[in-house]
Amino acid sequence: MISKLWKRRRSIILTWLISYLVIYGLNMLLSVVIYHEASRALRNEIRESNEMLMEQLQEVMDKQMAEVMRLHLAITLDQQLRYLIFSNPSKAEAKYTTARVIEEFREMQVFNGLVDQFYVYWQAEDSLLMSGTYWTSRMGYDNLHAGGQLSYDQWHALLNKPGFRGFVSIPRIMADGSIDKSLAYVSSLSNGVNTIGAGSIVIMVDVNRLAQRVELFNRGDVFILNGDNEIILSNSDEEGERLTLSSSFEGERAFFYEKYKGTDSEVLHIQSRTADLKYVSIMPSRLVWEKAEYVRKFTYISVLISLIGAGALTYMFLRRNYRPVQQLVEILSHSSNETGSLESNEFGFIQRVVSNTLSEQEQIKLRLKLQNNVMRSNTLLRLLKGKLDGPVPLEEAMATFNIFFQSDEFAVILLALEDENMAIDRFHHVSLQDKAALLRFIISNVVQEVADQDQIGYVTEVDQGLACIVNFRTSADDKKEHLLHIAQAAQQFLHTQYHMELIIAISGVHDSLIGIAQAYQEAIEAMEYRVVMGKKEVILYDELQRAIHDQSNKAFYYPLQVEQRLINCIKIGSYEKAQSVLDEIKERNVGQSAVSIQLVKCLMFNLISTIMKTTNEMGTNEDRFVHDHVYWIDTIMESDTLQGMYAQLSLLLREVCEYMAVKLSEQAKQLRHQSVSDKVDQIRSFVRENYNDASLNISSIGEHFQLKPTYLSSLFKEQTGEGLLDFVNRVRIDEAKQILKTEACTVNEVAKRVGFNEAATFIRVFKKVEGITPGKFKAID
C-alpha cells in the first residue's frame, strides 16, 4: 500500500489523502486539547476545593487557638497567681493565695469548653496548680501523663525550660484510664526582670473536637505542625514526630508537588494567623484523576472511533472523488498528444491540456482574424489600384468582408504621420514593431469612426501610409466640405489625444468603382506636394492643380543681381544679410502660391551651387571646408518639405558665413603682421645707418617714421622681444668693440665715434651690455 502511494506521490489522490488526514488530525488534536483543558480545569477545581477546605480548617482552628491564647493570657495576667509565684509570700499567705488561685482556675475551666485541662507548674514548690486541686509535680505527672512515651524527666525538663512557648504533643490519661495523645500549649512564666523561669502554663486542648475538623479531609492526609514542623495532630497514621518533605514550609501559603509515601502527591500548606501552627494537606494525585478518569476513557474511545471512521470515510471519499478525475485524464490522454507525467498531478495535466487547447483555439481565431484583415485589405487595395478583375469576383469579395457602398461617388483620403519616430517613443514597454502597428491601429480607427459619422469610410494600409476610401451617401451635398471635415476632425483628435501630427491629402470626387483608383493617384500626387506645402496641412488635389495651373507660365525667381547680393554677403561673412536675401528668395517663390516640385528642386540646386561657388572662390587648395561639406545637396534634398529644405539651407549658410568671417580675419591678421614686420626691418636699418648720431633716440626715430614714441617702442618690442633703446645701445656697443679691437683709440674717442656725448655714459652702457668696462675689454683683446 505504501509503495503504491509512493509511486503515485505526484498524483492528486495522495494530495487528497494528506488533506483528509490533516482535517481529521486537526479534529483529533482539538479533542486532545479539549481533554487536556478539561483535565486542567478539573485539577484546578479539585485544588480550589481542597484550598477552601483548608481555609475552613484554618478558620476553625484559628478560632479554637484564639480561645487557648485568651485563656493563656487570662492565666498569665491573674494577680493572685503572679503574687503567689513572684512575691515570695509567707507560708500562711501562700496557702491562702493557693486556695484562691485554685478556685479561680475552677471558674476558668467552666468557661472554656474546648480546653480539656490546664495547670500551672510552680517551680519554687515543684507543684502543679490545677482547677480544684493542688498536686506535687510527681503526683501530677502520675495522674495526667504517666504511661506514655513521655517520661517524667522529659516532662519535668519541658516545664522547667526557660523562655519556651509553643504547642507540643504529650500523652494524656483519659477518664477511662486509656492513654491518648493530647495537644498542649506550654508557655514559660517569667517576672520580666530576669530570664530565669518561675514556672510554666500548660493548656491541653480537646483533641477529639479538633480531630473532627481534621477528618473533613477524608481523601487525603492533613497535618497540624508546630513551629518546629513537629506533628501535633493528624488524620494519618504517619509515624514519627516530624513531617519530613523535600520542600520547606515557608511563607503564609504554598502549593507544590511532592513524592509522599512513594506516591505523587499535591501538598498545600497554610500558616495559622493566630498561633505558630501550620496546616498541611497532602493528597495523592491519583485521587485527583479519579474524577477525570471518565473523561480520559471517553476521549480515548472517541479518538479511536474517529481514527476508524476517518480511515473508512477517507477511503470511500478518495475512491468516489478520484474515479471521475481518472476517467477524465484517460479521455484527455487518448484525445491529445500529451500524457500525464510525474511532473504534475492529474489536475495539472487537465489544466495543461485545456490551456493548450484554448491557446490553440485563440491562435486559430487570431490567424483567421489576421487573414480576414489581410484579405479585406487586399480587396480595398484592388479598388485603390484599379484591379477589378481577379480570381475572386470583386462583388463577392466585398460582400464577404462587409464592404458595402451606398452610392457611386468616391474620394480617397491619404494619411501620413509627420514624425513617426517621435510618436513611437511615446509608447513605453512595447516593442518597436508593436508600436508601429499600434500607431496604424489608432489612426485607422479614428479616421474610420470620423468618416462613418456622415459618410461611409474604409481604411487600409498602403505604401504611402494609410488610405481611406470615402463613399458619399446620396444625401451628401457639399462633398469637399465633408472631406475637409473628416480630415480636420481626425487631425485635431489625434493631435489632442495622442500628440500625433498628420499630413493629409484629399483627392477629387469620382464616379464608379473605377474612379477609386484615379482618386488614389490624385491623393498620391497631392501628398507629394507636402514638400512645397509644408507639414501639418490638409492638401486638396483640386485646389493644388488650380494653383499650379495659374503659375504654369512662370519660372522661379532668382535673378543675377539677387545672386550677386547673396555672393557679396557670403564673401564678407555676414550671415544676417545673407539670410535676409535667402528669405526674400523664399517669399518671392512660394510665399503667395504653389509652385511645382520640379521648380523647387531647381531653385534648391541653384542656391546650393551659388554657395559652393562662392566658397571655392574664397578658399585655397589646402582648405578642406568644401571637402568636408561635399554632401550638402543630399542633406538638403532629403528633407520632406520645402520648409525643411530651407532650414537645412539656412544651417549651411550660417556655417559658410562663419567660415568666411574667420578667413577674412585671418587674412587681415596676415597683412597686418607683414606690414609691421617690414616696418621693424626699416627701423633696424635706420638705426644701423645713424648709430653714430648723438641725437639718435626713440623720439627722433618716431619722428622719422611718423609714429608716436610710445607706439613705436611697444611695436618694436612686440615684434622683436627687445626694447628699441636697448637695440640702439647694442648696435653702438658692437661698433665700439670693433673699433677697440682694430684701432688704437682712447675710450673718449671711441665714445664720440659711436654716438655717446660723454665717456662716462659710454662706459656705463658698455659694462651693462658686456659685463666689463671698455678698458678691460681692450686689455683682454
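Select S512 to begin: at 32% relative accessibility, this residue counts as partly exposed, a class between the buried limit of under 20% relative accessible area and the exposed limit of over 50% (1.4 Å probe, protein chains only). The model is predicted, so local features need pLDDT of at least 70 and side-chain atom pairs count only at pLDDT 80 or more, while totals for chains, interfaces and linings use all residues. Residues are numbered from 1 along each chain as its sequence is written, and side-chain values use heavy atoms, with hydrogens and water left out.

**Stop 1: S512 and helix α14**

S512 sits in the loop between β16 (510-511) and α14; helices here are DSSP runs of H or I with at least four residues, strands are runs of E with at least two, and both are numbered from the N terminus. The backbone of S512 has a positive phi of about 70 degrees, although the residue is not a glycine.

Next, select E522, which lies in helix α14 (residues 514-528). E522 is buried, with a relative accessible area of 9%. Apart from residues up to four places away in sequence, E522 touches S507, G508, H510 and Y541, where contact means heavy atoms within 4.5 Å.

**Stop 2: D126 and S127**

Move to D126, in the loop between β1 (115-122) and β2 (127-130). D126 is not a glycine, yet has a positive phi of about 50 degrees. With a relative accessible area of 28%, D126 is partly exposed.

Is S127 buried or exposed? At 0% relative accessibility, S127 counts as buried. S127 lies in strand β2. Show the contacts of S127, leaving aside neighbours within four places in sequence: they are V120, Y121, W122, Y134, W135, T136 and S137.

**Stop 3: aromatic rings**

Select Y119, Y141, Y152 and W155, which form one aromatic cluster. Rings of Phe, Tyr and Trp (its six-membered ring) pair if their centres lie within 6.5 Å; planes under 30 degrees apart count as stacked, over 60 as edge-to-face and the rest as tilted. How many aromatic pairs does this rule give? The count comes to 14 aromatic pairs.

One of them joins F167 and Y185: this pair is tilted, at 4.8 Å centre to centre with 55 degrees between the planes. F167 belongs to strand β4 (residues 165-173) and Y185 to strand β5 (residues 179-189), so that the pair links parts of the chain 18 residues apart. F167 counts as buried at 3% relative accessibility, and Y185 counts as buried at 4%.

Then select F716 and F727, whose ring centres are 5.5 Å apart with planes at 45 degrees, so this pair is tilted. F716 lies in helix α24 (residues 709-720) and F727 in helix α25 (residues 724-742), so the pair ties together parts that are 11 residues apart in sequence. Both residues count as buried, F716 at 1% relative accessibility and F727 at 2%.

**Stop 4: L328 and I350**

Select L328 in helix α8 (residues 285-335). L328 is partly exposed, with a relative accessible area of 37%. From L328, draw a C-alpha to C-alpha distance to I350: the two are 8.1 Å apart in space and 22 residues apart in sequence.

**Stop 5: the second largest pocket**

Rolling a probe the size of a water molecule over the atoms shows where empty space is left. On a 1 Å grid over the protein atoms alone, a pocket is an open set of points where a 1.4 Å probe fits, with protein on both sides within 12 Å along at least five of seven lines, whereas a cavity is a set from which the probe cannot get out; lining residues have an atom within 4 Å of a point.

Which residues lie nearest the centre of the second largest pocket? Select N373, S377, F441, S444 and E461, which hold that position among the 17 lining residues. The elements giving two or more residues to this lining are α9 (346-385), α12 (432-454) and β13 (456-462). The largest share, 7 residues, comes from α9. The volume of this pocket is about 660 Å³, taken as the space filled by probe spheres set on the grid points, which are joined across faces, edges and corners.

Colour the lining by class: 7 residues are nonpolar, 6 polar and 4 charged. Ala, Val, Leu, Ile, Met, Phe, Trp, Tyr, Cys and Pro count as nonpolar, Asp, Glu, Lys and Arg as charged, and the others, Gly among them, as polar.

**Final view: the whole protein**

Zoom out to 28 helices and 17 strands. Of the 781 residues, 41% count as buried.
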